[in-house]
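This report describes one protein model, section by section. Please look at the sequence and the structure before reading on.

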Amino acid sequence: MYKTKQNYSINPLKCLLIGGMIGVATLIGCRKKPTPTPPTPQPDPTDTIVIPTKEKTFDWDLEFEWAPSADSIKKYADDPEYKYVFINATNLHAPSVTQEGMPCSGYPTRVFKRARDTLQTRLDINPKKVRGSGTIIVDRTLSDDAAPGELGIPRSDSTWYDNNGWRVAYRQITMGK
């Protein structure tokens, strides 16, 4: 058997570098791993909730229009800041702001029916938000089979207006002496 002896030539700088690498590897390998900190419980994320607080009122006079503009009502009904949109029966020709209600004496039954049909389309925009308000003043209530030209409000229309937020009041007719 032959043995060959090989001579290595390692200078001191290489020794220091190799020794340093071995030392660093030993330190890294022996380092104690930190114990993980348990996560802090966080509250469940919540969405921003807008609580509607505003109200919009559209004054409505049967003498001028069957109902306020559907586009205007839709604009406010779709706005999450608005809680209610009211269609307020009022007399826009009243000499005083203190006069309450919309006088509707002298209107035939067909007028109340047409206004009801038009107003229903406004209420249907958002039934939870759009409501009626104010007072409709009439002389008398008629049966539902009254002629379309007869003066007064049909009973079913009176009930419909009342159920949707308007108040139907009757004018007190006083007889002169």
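Which residues in helix 2 are buried?

In helix 2, the buried residues are Ile-73, Tyr-76 and Ala-77. Because they cover an arc of only 100 degrees around the axis, they lie on the same side of helix 2; the arc is that of the directions from the helix axis to the C-beta atoms. Asp-71 and Lys-75, on the other side of helix 2, are exposed. Here buried means under 20% relative accessible area, exposed means over 50%, and partly exposed is in between (1.4 Å probe, protein chains only). An α-helix has 3.6 residues a turn, so residues three or four places apart point the same way.

Ala-70 also belongs to helix 2, and its relative accessibility of 29% makes Ala-70 partly exposed. Ala-70 and Arg-122 are 52 residues apart along the chain, and their C-alpha atoms are separated by 5.9 Å.

## The model and its confidence

This is a predicted model, in which local features need pLDDT of at least 70 and side-chain atom pairs count only at pLDDT 80 or more, while totals for chains, interfaces and linings use all residues. Residues are numbered from 1 along each chain as its sequence is written, and side-chain values use heavy atoms, with hydrogens and water left out.

The pLDDT is the predictor's confidence in each residue, from 0 to 100. The protein chain averages 82, and 82% of the residues score at least 70. Helices (H or I, at least four residues) and strands (E, at least two) are DSSP runs, numbered from the N terminus.

## Strands and crossovers

Strand 1 (residues 54-60) and strand 2 (residues 82-89) run parallel and are joined by seven bridges; two strands pair if DSSP finds at least two bridges between them. Lys-56 stands opposite Val-85 in strand 2. From strand 1 the chain crosses through helix 2 to strand 2, and this β-α-β crossover is right-handed. That term applies if, with the strands pointing away from the viewer, the path from the first strand over the helix to the second runs clockwise.

Strand 4 (residues 130-138) has seven of its nine residues buried, so it is largely enclosed by the rest of the structure. Five bridges pair strand 4 with strand 2 in the parallel sense, and Ile-87 has Gly-132 as its bridge partner in strand 4. Strand 3 runs parallel to strand 4, joined by two bridges, with Pro-103 opposite Ile-137. The crossover from strand 3 through helix 3 to strand 4 is right-handed. Strand 7 (residues 167-170) pairs with strand 4 in the parallel sense over four bridges.

## Aromatic rings

The whole structure holds eight aromatic pairs. Rings of Phe, Tyr and Trp (its six-membered ring) pair if their centres lie within 6.5 Å; planes under 30 degrees apart count as stacked, over 60 as edge-to-face and the rest as tilted. The rings of Tyr-76 and Tyr-82 are edge-to-face, because their centres are 5.0 Å apart and their planes are at 80 degrees. Tyr-76 is buried at 18% relative accessible area, and Tyr-82 is buried at 12%. Elsewhere, ring pairs link Trp-60, Trp-160, Tyr-161 and Trp-166 into a cluster.
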